[in-house]
Amino acid sequence: FSFLSRNMGWTTTFSEEFTRYVVTVIFSIAVGYTALHGKHVCTDFMVLKLSSAKQRIVAIIVDVINIVTFAFFAVSAHSMWTLSFQWGMKSNTDIAFPLWIPQGFFYLSFFLLIARALIDLITDIYAWNGPQPSGGHH
């Protein structure tokens, strides 16, 4: 979009700002999609060398760490969103875009990541007495 807008004579500020917001939305959707489908990059070669019981313990520990980390970022994103919304904050550019809109996508993506981590935690705890894992964690 930035390339096209520069060649069409639009202001650079508008095109750069618009591009940043589009990237924010795409990133937020992509993070949730990859987590939902378990298609994210993971490095489990070390964990695969452990026994099944230890793999499950590591999986549960990772789930808990993910929940805490995502919760921290979700609270931060919610604080930014709330502040921007209540104070009517807008970008300091030509289009004066309301900042609560892109910040809301960050909050939404971290909320969805927390939900996914909770599902993983419940699945890992439930599977403790179930069949043995066939390979690494998600």
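Phe 18 is found in helix H2 of this predicted model. Phe 18 and Ile 95 are separated by 77 residues in sequence, yet their C-alpha atoms are 9.2 Å apart in space. The protein chain as a whole holds 4 helices and 0 strands, and its elements run α-α-α-α from the N terminus on.

- Of the 138 residues in the protein chain, 26% are buried.
- The protein chain exposes about 9400 Å², and carbon and sulfur atoms supply 72% of that area.
- Among contacts between residues at least 6 apart in sequence, 66% join residues at least 24 apart.

**The largest nonpolar core**

- The largest nonpolar core has 11 residues in all. Its members are Val 31, Ala 35, Ile 60, Ile 67, Phe 70, Ala 74, Phe 110, Leu 113, Ile 114, Ala 117 and Leu 121.
- Three helices each supply at least two residues of this core: H2 (12–37), H3 and H4 (100–126).
- Helix H4 gives the most to this core, with 5 residues.
- Ile 67, one of the core residues, touches Ile 114, Ala 117, Leu 118 and Leu 121, when residues up to four places away in sequence are not counted.

**Helix H3**

- The 36 residues of H3 should span 52 Å at 1.5 Å a residue, and the end C-alpha atoms are 52 Å apart, which agrees.
- The buried residues of H3 are Gln 55, Arg 56, Ala 59, Ile 60, Asp 63, Ile 67, Phe 70, Ala 74, Ala 77, Thr 82 and Ser 84. These buried residues pack against H4.
- His 78 also lies in helix H3, and at 33% relative accessibility it counts as partly exposed. The C-alpha atoms of His 78 and Phe 111 are 9.8 Å apart in space, although the two residues are 33 apart in sequence.
- Gly 88 follows H3 and has a positive phi, near 60°.

**Helix H4**

- At 1.5 Å a residue, the 27 residues of H4 should span 39 Å; the end C-alpha atoms are 38 Å apart, which agrees.
- The buried residues of H4 include Pro 102, Gly 104, Ser 109 and Asp 124, as well as Phe 110, Leu 113, Ile 114, Ala 117 and Leu 121.
- Gln 103 lies in helix H4 and counts as buried because its relative accessibility is 15%, under the 20% cut-off.
- Gln 103 touches Met 80, Trp 81 and Ser 84, not counting residues up to four places away in sequence.

**The salt bridge**

- A search of the whole structure finds 1 salt bridge. The side chains of Arg 116 and Asp 120 meet in a salt bridge, with an N to O distance of 3.2 Å.
- Arg 116 and Asp 120 are 4 residues apart in helix H4, so about one helical turn separates them.
- Asp 120 is buried, because its relative accessible area of 10% is under the 20% cut-off.

- Ile 57, Ile 61, Ile 65 and Trp 128 make a nonpolar surface patch of about 370 Å².
- Ile 57 has its place in helix H3 (residues 52–87). With 40% relative accessibility, Ile 57 counts as partly exposed; patch residues need over 30% relative accessible area, so Ile 57 passes that cut-off.
- Ala 127 lies in the segment after H4 and counts as partly exposed at 23% relative accessibility.
- The C-alpha atoms of Ala 127 and Arg 56 are separated by 8.5 Å, while the two residues are 71 apart along the chain. Arg 56 is one of the buried residues of H3.

Terms used
Residues numbered from 1 in each chain as written. Predicted model: local features only at pLDDT ≥ 70, side-chain atom pairs only at ≥ 80, totals over all residues. Heavy atoms only, no water. Patch = residues over 30% accessible without salt bridge, like charges linked within 9 Å, V, L, I, M, F, W, Y side chains within 5 Å. Areas by Shrake-Rupley, 256 points an atom, 1.4 Å probe, with all protein chains shown as cover. Salt bridge = Lys/Arg side-chain N within 4 Å of Asp/Glu carboxyl O. Buried < 20%, exposed > 50% of the residue type's maximum accessible area, 1.4 Å probe, protein only. Contact = heavy atoms within 4.5 Å. Core = buried A, V, L, I, M, F, W, Y, C linked by side-chain atoms within 4.5 Å. Expected span 1.5 Å × (residues − 1).
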